[in-house]
Protein chains: 4
Amino acid sequence: MDSRRAEAASRTFVLPIRVYLEDTDAQGVVYNASYFRFMERARTEWLRAQGVDHDRLRQEHGIALVLASIEAKFKAPARLSDVLYVSAEMIGASGARVVFEQKVRRGGEDGQLVCQGRAEVACMDAALGKPRRIPATLTSEGK
Amino acid sequence: MDSRRAEAASRTFVLPIRVYLEDTDAQGVVYNASYFRFMERARTEWLRAQGVDHDRLRQEHGIALVLASIEAKFKAPARLSDVLYVSAEMIGASGARVVFEQKVRRGGEDGQLVCQGRAEVACMDAALGKPRRIPATLTSEGK
Amino acid sequence: MDSRRAEAASRTFVLPIRVYLEDTDAQGVVYNASYFRFMERARTEWLRAQGVDHDRLRQEHGIALVLASIEAKFKAPARLSDVLYVSAEMIGASGARVVFEQKVRRGGEDGQLVCQGRAEVACMDAALGKPRRIPATLTSEGK
Amino acid sequence: MDSRRAEAASRTFVLPIRVYLEDTDAQGVVYNASYFRFMERARTEWLRAQGVDHDRLRQEHGIALVLASIEAKFKAPARLSDVLYVSAEMIGASGARVVFEQKVRRGGEDGQLVCQGRAEVACMDAALGKPRRIPATLTSEGK
């Protein structure tokens with residue numbers, strides 16, 4: 001694998017998530033807000049794959065990551081007992097913002113597209129509550 | 001109030017929602033997916049204000065309303081014990097789709113804007129699972 | 001109303017809660033963990049009815065209320081669009097513990113019993129993380 | 001491993017669960033209702049380990065498993081990023097009821113006890129809505 005592919009791979013994380021009763025609703029499908037929980041789990045694991053988590057960012061860098069905006073397009077329903085593959089791919093970073101593309105697929109990493117999302121995360125100075133430049137460890141610049 | 005303002009008013013519903021522990025997270029603020037639960041509550045109450053609910057739509061019209069897409073921009077944090085005013089305003093309807101603009105304000109109907117959303121709801125034939133024209137009772141056309 | 005009945009009334013709070021999609025699951029009924037969210041909302045409103053909330057308790061008394069144990073017996077299912085009446089009644093207090101009996105009824109304050117709960121709340125010193133005597137404002141002793 | 005130990009092992013399932021923001025609250029710890037979601041996940045995986053799931057039980061046996069009662073004692077707080085080990089152990093079965101003991105431990109299968117639960121599940125005839133004898137495949141009797 002050449003370094004460019006390796007870098008691209010490091011920018012994507014895929015988390016398998018089993019659908020439990022808690023995630024579904026009386027229409028018999030996964031409830032819409034559940035997808036936002038799933039996408040947040042995938043972004044958190046993407047972060048952990050970069051070697052940091054929310055606590056370390058706060059303690060070592062004085063940084064809090066805050067969701068600035070998110071959108072989701074629902075393409076197909078998912079149901080109880082499905083295994084969903086939820087990805088977080090960093091597709092851009094500039095100044096104090098990181099943008100993730102997120103896909104939820106069913107039954108496999110190349111399975112049916114259930115939901116497509118886009119999340120914009122702001123990097124905040126935890127003490128001052130103001131936007132702050134993203135640390136290089138979170139973007140490819142530092143690698 | 002002239003009929004045009006009355007019609008506009010009937011297209012907007014504002015639901016006050018108290019923030020409980022369940023809605024918050026360890027960052028001390030309202031968790032992002034909670035806003036999608038709040039916005040769905042407001043759309044449901046908007047529907048009820050039109051004289052229908054999910055059950056009646058299914059039983060009397062054979063229709064299921066399904067969220068096609070939703071987006072939210074987070075403008076300011078909300079916290080435990082806050083009272084949020086969550087609006088659902090129908091800003092468009094064509095064919096099988098209804099579009100809602102949704103605002104979450106804090107402390108009053110004209111309070112600080114906490115979150116701004118936009119939801120696109122698809123009207124589906126519950127038996128066939130295919131898009132179906134929105135019944136006139138849900139839009140101003142029928143009034 | 002004599003003072004004894006007034007005191008008993010002040011020990012009970014009943015909160016009406018509409019069931020939304022978020023509260024239900026694919027079995028078509030209210031999901032079990034939702035009842036624990038509902039009961040916590042009722043305990044919080046009970047607290048507010050005593051003139052305090054979580055923030056004031058922490059800031060003015062240095063106290064955090066923490067759930068020590070809870071149990072629920074599910075008597076009948078509740079469904080989408082139901083209005084549930086969720087009560088919190090303080091049935092005992094000693095040392096650092098307060099015990100609540102909680103009932104979830106459907107359709108009215110005297111409606112069908114859906115769920116019966118019992119919650120034991122511990123009063124903790126927020127700074128020391130140790131049990132602390134309940135302030136008299138939370139029990140009838142102070143009235 | 002002799003057959004008695006094997007049988008005991010088959011009666012216990014332990015599911016590791018990462019704590020995400022969605023599971024926590026503004027007190028900085030795992031929110032109480034989250035433990036009921038976690039315990040339900042572990043009971044569902046216990047069921048799957050017996051070779052069945054909710055759908056198969058309904059379709060092949062005409063059975064719905066319904067939570068009759070549950071209790072939890074909270075022993076210690078858990079926090080964001082913790083890995084919890086949530087067990088479901090069948091400790092009794094008679095007639096239409098199965099009883100599970102459930103433990104939530106932190107950091108390992110022998111880690112600190114965070115929460116101790118007990119769940120009573122009723123086996124219902126899905127069509128008639130009446131209690132029905134548990135199928136032998138769910139208890140050791142059938143093995």
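The legends below describe close-up views of a predicted model, from a single chain to the contacts between chains.

Local features are given only where pLDDT is at least 70 and side-chain atom pairs count only at pLDDT 80 or more, whereas totals for chains, interfaces and linings use all residues. Residues are numbered from 1 along each chain as its sequence is written, and chains are lettered from A and ligands numbered from 1 in the order in which they are written.

**View 1. Chain A contains three helices and five strands.** Helices (H or I, at least four residues) and strands (E, at least two) are DSSP runs, numbered from the N terminus. The elements of chain A follow the order α-β-α-α-β-β-β-β from the N terminus on. The radius of gyration, taken over C-alpha atoms, is compared with the globule rule, 2.2 Å times the number of residues to the power 0.38. For chain A the radius is 16 Å, close to the 15 Å that the rule gives for 143 residues, so chain A is as compact as a globular protein of that length. Along the principal axes, its C-alpha atoms fill a box of roughly 45 × 40 × 20 Å. A residue is buried if 20 or more other C-beta atoms lie within 10 Å of its own, exposed if 12 or fewer, and partly exposed in between, with C-beta atoms placed from the backbone. By this criterion, 38% of the 143 residues of chain A are buried. Two residues are in contact if their C-beta atoms, placed from the backbone, lie within 7 Å. Of the contacts in chain A with a separation of 6 or more, 67% are between residues 24 or more positions apart.

**View 2. Chain A meets chain B with 15 residues on each side.** Two elements of chain A, α2 (32–49) and β2 (63–74), each give two or more residues to the side that touches chain B. The most, nine residues, come from β2(A). By class, this side of chain A has eight nonpolar, three polar and four charged residues. Here Ala, Val, Leu, Ile, Met, Phe, Trp, Tyr, Cys and Pro count as nonpolar, Asp, Glu, Lys and Arg as charged, and the others, Gly among them, as polar. Strands pair if DSSP finds at least two bridges between them. Five bridges join β2(A) to β2 (residues 63–74) of chain B, and the two strands run antiparallel. Within β2(B), Ile70(B) stands opposite Ala72(A).

**View 3. A rotation of 180° with 0.0 Å of shift along its axis superposes chain A on chain B.** The RMSD is 0.0 Å, with copies superposed by least squares on the C-alpha atoms of residues with pLDDT of at least 70 in both. Among the residues of chain A, Glu71(A) comes closest to the axis, at 2.0 Å (C-alpha). The copies meet through the same surface, because 100% of the interface residues of chain A are also interface residues in chain B.

**View 4. Chain B also touches chain D, through ten residues on each side.** The side of chain B that touches chain D has five nonpolar, three polar and two charged residues.

**View 5. Chains C and D contribute to an open sheet of ten strands.** The strand order is β1(C)-β3(C)-β4(C)-β5(C)-β2(C)-β2(D)-β5(D)-β4(D)-β3(D)-β1(D), with antiparallel pairing. At the edges stand β1 (12–18) of chain C and β1 (12–18) of chain D, each with a single partner strand, so one side of each is left without a neighbour in the sheet. From one strand to the next, the twist averages 25°.

**View 6. In chain C, β5(C) pairs with both β4(C) and β2(C).** Strands β4 (residues 97–106) and β5 (residues 112–125) of chain C are joined in the antiparallel sense by ten bridges. Phe100(C) stands opposite Ala119(C), and Lys103(C) has Gln116(C) as its bridge partner. The hairpin of β4(C) and β5(C) has five residues between the strands, and Gly107(C) takes a positive phi near 90° there. Strand β2 (residues 63–74) of chain C is antiparallel to β5(C), with eleven bridges. In that pairing, Gly117(C) is the bridge partner of Ala72(C).

**View 7. Ile91(C) lies in strand β3 (residues 83–94) of chain C.** Ile91(C) counts as exposed because it has 12 C-beta neighbours inside 10 Å. Not counting residues up to four places away in sequence, Ile91(C) touches Val99(C), Phe100(C) and Glu101(C). Ala68(C) is 23 residues from Ile91(C) along the chain, and their C-alpha atoms are separated by 16 Å.

Technical notes: Axes are lines fitted to C-alpha atoms, for helices over the stretch in contact, and angles run from 0 to 180 degrees between N-to-C directions.
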